[in-house]
Amino acid sequence: MPHTAIVILFLTSLALVTSLEPWFQSWQGNRAQSADLLAVLLGDARRAFANHFFIKADAYFHSGYYPSIFDNRAAFQTPHMAADAGALEEKNTGEEDDFLGPPRDWIDAFGRKFKPATHTHLDQGGAQTDASSHKEIELGESQDVREILPWLRASAALDPQKVEIYTTTAYWLRQRIGKTTEAEAFLRDGLRANPDSHEILFELGRIADEHRKDPARARNLWELALAKWQKFELQKKDPDTFSLLQIASHLALLAERESRWDECLHFLGLWKAASPKPDEIEKRITEVRQKIPAANHAKPPAPNPKP
Amino acid sequence: MVQSHFSQFGPQGCHMARSFAMPGTHRPCSPSLPRSAPLPSGGGSPLLPMTEVIQIEQLVVTYRDAETRATRTAVDRVTFTVRTGEVFGFLGPNGAGKTSTMNVLLGFTHAAGGSARIFGVDVRQPISRQRIGYLPEMTYYYKFLTAEELLRAYGRIFGLDDGEIRRRTDELLALVELEPARRRLIRTYSKGMQQRLGLAQALLNQPDLLILDEPTSGLDPLGRMKVREIILRQKAAGKTVFFSSHELGEVESVCDRVAILHRGELKALGPVAEIKRPDDGNLEQAFLRLIGWPDAPKPASGAGQADHRPTAP
Amino acid sequence: MRAVLTLAHLVILEMVRRKDIYVLFVLTALLTLIAAAANIFDDTRVVRYLKEISLTLIWVSGLVLAVTSAARQIPAEREARTLFTMLAKPVSRWQFIAGKFLGCWLACGLALLVFYAFFGAVALSRERSLDLASWAQAISMHWFMLAVPVALALAGSLLWAAPSSNSTLTLVACFGIWLLGRHLHKVALGLPEPGATLLTLVYFTIPHLELFDIRDLIIHRWPPVPWVFWLGALLYAAAYAGMILTGAWLLFRRRPLN
């Protein structure tokens, strides 16, 4: 008898839930703003966690040999995994091999025996780098860099607006681990969360160009990235010239490959404006001009990154 | 009275009538050093004669009141001895200092002055407890153990070998009628079963001195009878029993000597017959008189004097 | 010695029958398995994050188990009055303390064996190999490290009557040392006096539990710690545990029990 009552109660509850759920979803008093459990649980603290996991991924990139907040972080201001991926402009200074400095006391000296003590990168073998034979593992040989992915994934889940997570992850996925489809899918997730992100568009363009061998698509994506950059970055006090440099350089190189000289020169001009080494770019401009047939040898208008 | 009944068993009661024999206790009784472990060498007084099992001399025990931080004297220069083969009753109203004295004997508390020895060994040394069995008033044992496991653990602490532990465990669990429950966890035992287990653990090491803290407290008449039986058996085996109790009728019937404490002071010491005055009808009367109870009831003349002599088993 | 071993055996029996260890193990295993079920870009060979989650949970569980079990020993015996029955036997106070310590520590060791076996299985499932030397060093160093919180909690139980306050204080202290201990001297450099001196004193006084945390070496497959330093770490833990236990004995030996 009690069992029957329990079963009836359960079925009644189930029926009520299924009938009330649509009403609840449409109810204007429904205060649930997010279907993301993490966002609901953590609130704004999720951004702090996202940043922590992003740094954690870089710590993994270094196989644990990483400065704490109490150490000299001058050589780690830009995560190396992001700088190597071209996702962020590198601002690191100082000695990355010796952020700890000399041991301050015997406890410090003794404690260093129980921590990683060598600066390595995962894509070059990490802790398994054969230091004794001084053999350098070529980029791409070691796929251990996959170990940074869980932290990047967690970081993206916690802060979908952090664009560099998507670009960094996509680079390592496609370039080292050979998962181009996953990289592209991840970038599209990032684009849904950040529809105006020129960085993500640029990275999608790289996939189209380098992996899908679809230069037309790549050009479309990069031109869209440039348009987005011009629309949003120029309004800022400190526009992201590093990103402009990347977009412009790739557009210029693509145009050069396809012998679209006018466009090539236009983009080279943008590249020169954003580059820290404009003389080198000027040399390149000169080289390109030499390639242009005599009919199109007119001097290009002065580049103006502004629309 | 009790002594004369057992006088046929010799001055130290070492020769046993068969009916009093404890299982496994058929051994000659002679003064001996502690069985399993040597006495500590150096740093202590020479061994006292083995006629004095417990020696308490000018014992002072003090406590600091938790609230007022004032020092309170619980035992004030008490001196007495307990001899081999005696059944010694330790009496007094609540707060008299009985528990404090027993705590010193058992090493739970340190004396502020004076000395206490068991078998000639200072009670501050753990070896002094090698030959004693202790039954606390409230029987609390490790609930997560079985009776068998508990006795095995205690046996190991006494230094008994595994074979001896097994034998003693079987005997004692049979004696206290816990054999069917030997593998059940103690947390499933009733209060009576726990008390019987307490008796078993107190007798595990065949103690030469049994210290019982209000052994009949909370027991039904059958249980009290059992305890009395065990006390008399111990005495018949030449062992010494030291116990505190509020059951003055039982004390009068089994004890060779008693000590009465009141407010930390020893008010009386000696055989029951010597403590009682002619106008004290029973030990209870004498007790109330000694502690200065003003309204000690007087018995009706010629009536109501119970015969507290132990009946022969 | 027999008394110490008997007491230790009783402690282990109690912990096994209380099922504390099982709850923590199930929790650790469950959280690790949930983490393992995460889809990391369809790559089934990613393993280090799993090792880190597993090892972190093992560390947290180990500390919680060590502190809560040790903090409970003497107060529980006093409350249950089993303390009196035990000390009425020929057991000295030092043997009692030593037996309780040994029991808690050995029980932690047994628990660690189970936890690390699970960790080994998790690592093997994806890496197909296990560095046994590093694994053995990790277990042994973790086990010896736990001797210090056990000793601290036992000593604390003689200072604080309530096991909950003792556990909380000891856990906060241990977690604090684990996470921040190695950085205290750097923080001290930036403080004005007398804070700098005080913090430096604290730095040199506390048992540095973080020395025993070689998770990074295990996770990232670094070579094992040189064995001489491994031995030095074990001796360091033994020395600290010994000092704390001696302090506990000094507290306990003259204490009236009721």
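This is a predicted model: local features need pLDDT of at least 70, side-chain atom pairs count only at pLDDT 80 or more; totals for chains, interfaces and linings use all residues.
Elsewhere in chain C, helix α2 (residues 20-36) packs with helix α3 (residues 48-80) at an angle of about 165°, their axes being 10 Å apart. Because angles over 145 degrees count as roughly antiparallel, α2(C) and α3(C) are described as roughly antiparallel to each other, and their crossing is right-handed. On the side of α2(C), the contact is made by C:D20, C:I21, C:L24, C:T28, C:L31, C:T32, C:A35 and C:A36, whereas α3(C) contributes C:Y49, C:L50, C:I53, C:S54, C:L57, C:I58, C:S61, C:L65 and C:R72.

The largest nonpolar core contains 240 residues, of which A:I148 and B:F242 touch the most other members. Helix α5 of chain C (residues 93-127) supplies the largest share of this core, amounting to 16 residues. Apart from its neighbours within four places in sequence, B:F242 is in contact with B:I54, B:F80, B:V82, B:F88, B:F90, B:M102, B:L105, B:L209, B:L210, B:I211 and B:L212.

Also in chain B, B:G223 is placed in helix α6, which covers residues 221-236. With a relative accessibility of 16%, B:G223 falls under the 20% limit and so counts as buried. Between B:G223 and B:P271, which are 48 residues apart along the chain, the separation of the C-alpha atoms is 26 Å.

For chain A, the secondary structure consists of 13 helices and zero strands, and the order of elements from the N terminus on is accordingly written as α-α-α-α-α-α-α-α-α-α-α-α-α. Of the 307 residues in chain A, 45% are buried. When contacts in chain A between residues at least 6 apart in sequence are considered, 55% join residues at least 24 apart.

How values were computed
Residues are numbered from 1 along each chain as its sequence is written. Chains are lettered from A and ligands numbered from 1 in the order in which they are written. Side-chain values use heavy atoms; hydrogens and water are left out. Helices (H or I, at least four residues) and strands (E, at least two) are DSSP runs, numbered from the N terminus. Buried means under 20% relative accessible area, exposed over 50%, partly exposed in between (1.4 Å probe, protein chains only). A nonpolar core is a set of buried Ala, Val, Leu, Ile, Met, Phe, Trp, Tyr and Cys residues joined through side-chain atoms within 4.5 Å. Contact means heavy atoms within 4.5 Å. Axes are lines fitted to C-alpha atoms, for helices over the stretch in contact, and angles run from 0 to 180 degrees between N-to-C directions. Angles under 35 degrees count as roughly parallel, over 145 as roughly antiparallel, 65 to 115 as roughly perpendicular and the rest as oblique. A crossing is left-handed if the near helix is turned anticlockwise from the far one by less than a right angle, and right-handed if clockwise.
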